[in-house]
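Subject: Structure handover

Hello,

Here is the structure for you to look through. My notes on it follow below.

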Amino acid sequence: MDAIRLFRSLLDRDLPRWRDSVPVLRTRLRELRARYGDRELVRTLRPKFLSESEYAEIEYVCGVLSGATRRLADRILAEPALRAFLEVSEGEARLFAPEPLVPDPAPFTRWDSFLGPDGPRFVELNAENPAGAGYADAISAAFEEHPLTAEIRRRTGGRFLPMREAVLHDLLLAWRAAGKTSAPRILITDYLDLPTVDEFYILRDYFRARGFRCEVEDPRRLDYVDGRLIAHGAPFDLVYRRVLVNEFLARESEVRPLFEAYRDRAIAMVNPFRCKLLHKKTLFALLTGDGPAGAEWMTAEEKRVVARHVPWTRKVRETKTEVDGRTVDLLQYLLLQRERVVLKPADDYGGRGVTLGWAVDRATFEDVLLEATKGHWVAQLRVATTDEPFPLFDRDLEDAPMTVDLDPYVHFGRVRGTLARLAAGAISNVTSGGGQVPVLVIPADGVSP
């Protein structure tokens, strides 16, 4: 019996009891701050089950991809042609210029994937400020307390993947890599009028419980005095930056103290501003053979992993390109293959602007494609997805097919856990309305009736 069928059978044995447990679980989730603004993050009673072999494959693939992109970041920083291909702005170039204390340009990343019949297919890389680790722990904690989850764990030997411990450990690793030996004073910073602030306080409370001075503050309220970055009247020297580069640049004059402290190497920052070198979706075009990077910079194994786990991606423009060993006109090819194509702004998030060619008519797709040629967009071939049944709160725990977006957190090239988001459609993320569930890793021989 697999874990999904086992869960459903246990649910059906005492369905009235488990329906009555939903309000209690929702209350506990609210108490643990598992909410996105006023929106509930969790909408189902079942975790995402992931086998140990599936998790091992994700660990291996992410390790290979992270090694390749780390080398590519150095090339992008050094080669004007690659920066031009990524359309690095003047403001971004200013932020890239100072040498950061933390040597890795993107120590914290999250690779966003869909699990299909042939394993994970990675469609985006969040190299800026991969959110959700605090939420994941809060959700796991609430589910751990639920008796149905406890029964599933007893029967399967399943384990949750703690995230906050990894975040703290690897922040300290970055601190040591910056040459520091004292205990850091940690500042978490982003605009505090955003719906994600609850996660900052989840992390703050955990860091404090582990004995570290930690505060959360809006970057507009920081001061830089006598070589020290000041928040809440006290100095801080390790900054967990959650404010996006684009949103930072949009208010550059208001957030100047943070940049000055970074420029003067008065703080170690995770992630450094240079993370933006890897964050734009055009990176996937470089990985799959578009642009001036060439193909020889990757090893044979990296090429194999990319071919299997990264969909063909191209920067949208009038050009000839290679596909399946032949040369085609890119725009004409995208029109002909509309029902297999996703168009995305190359530097946005939350599913904003994403157009699924199979979900719109030809005229709409042509309009979006024309708009894409005037901006910075990518086209990506559709990946195969597999729906799973999840018992939804608002359907009295009846199953509904949901697409799972599985997003492993990778710190310094090592997988440290994974986020799972659900959607009834093809775009599954919190900002566009997708729900989140905890991930339970099941040993190969762990499921018993």
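Arg251 sits in the loop that runs between helix H10 (245-250) and helix H11 (256-263). Helices here are DSSP runs of H or I with at least four residues, strands are E runs of at least two, and both are numbered from the N terminus. This is a predicted model, in which local features need pLDDT of at least 70, side-chain atom pairs count only at pLDDT 80 or more, and totals for chains, interfaces and linings use all residues. Residues are numbered from 1 along each chain as its sequence is written, and side-chain values use heavy atoms, with hydrogens and water left out.

Arg251 is partly exposed, at a relative accessible area of 26%. The cut-offs: buried is under 20% relative accessible area, exposed is over 50%, and partly exposed is in between (1.4 Å probe, protein chains only). Leaving aside residues up to four places away in sequence, Arg251 touches Tyr191, Asp193 and Arg220. Contact means heavy atoms within 4.5 Å. Val239 is 12 residues from Arg251 along the chain, and their C-alpha atoms are 18 Å apart.

**Salt bridges**

How many salt bridges does the structure hold? The count is 50. Each is a side-chain nitrogen of Lys or Arg within 4 Å of a carboxyl oxygen of Asp or Glu.

- Arg26 and Glu40 pair at 3.2 Å, N to O. The pair links distant parts of the chain, 14 residues apart: Arg26 is in helix H2 (residues 15-31) and Glu40 in strand E2 (residues 39-40). Arg26 is partly exposed at 26%. Glu40 is partly exposed too, at 29%.
- Arg416 and Asp170 pair at 2.8 Å, N to O. Arg416 is in strand E22 (residues 414-423) and Asp170 in helix H8, so this bridge ties together parts 246 residues apart in sequence. Arg416 is buried at 17% relative accessibility. Asp170 is buried at 3%.
- Asp407 and Arg421 pair at 2.7 Å, N to O. Asp407 belongs to strand E21 (residues 399-411) and Arg421 to E22, so the bridge ties together parts 14 residues apart in sequence. Both Asp407 and Arg421 are buried. Through shared partners, salt bridges join Arg110, Asp112, Asp405, Asp407 and Arg421 into one network.

Two packed helices are described by the angle between their axes and the distance between the axes. Axes are lines fitted to C-alpha atoms, for helices over the stretch in contact, and angles run from 0 to 180 degrees between N-to-C directions.

H8 (residues 164-177) packs on H9 (residues 197-209) at about 70°, with the axes 10 Å apart. H8 and H9 are therefore roughly perpendicular. The scale: under 35 degrees is roughly parallel, over 145 roughly antiparallel, 65 to 115 roughly perpendicular, and the rest oblique. From H8, Arg164, Glu165, Val167, Leu168 and Leu171 meet Ile202, Leu203, Tyr206 and Phe207 of H9. Those contact residues are seven nonpolar, no polar and two charged. Nonpolar covers Ala, Val, Leu, Ile, Met, Phe, Trp, Tyr, Cys and Pro; charged covers Asp, Glu, Lys and Arg; the others, Gly among them, are polar.

H6 (residues 133-144) also packs on H9, at about 75° and with the axes 8 Å apart. H6 and H9 are therefore roughly perpendicular. Ala133, Gly134, Tyr135 and Ala138 of H6 make the contact with Asp198, Glu199, Ile202 and Leu203 of H9. The residues of the H6 and H9 contact split into five nonpolar, one polar and two charged.

Best wishes
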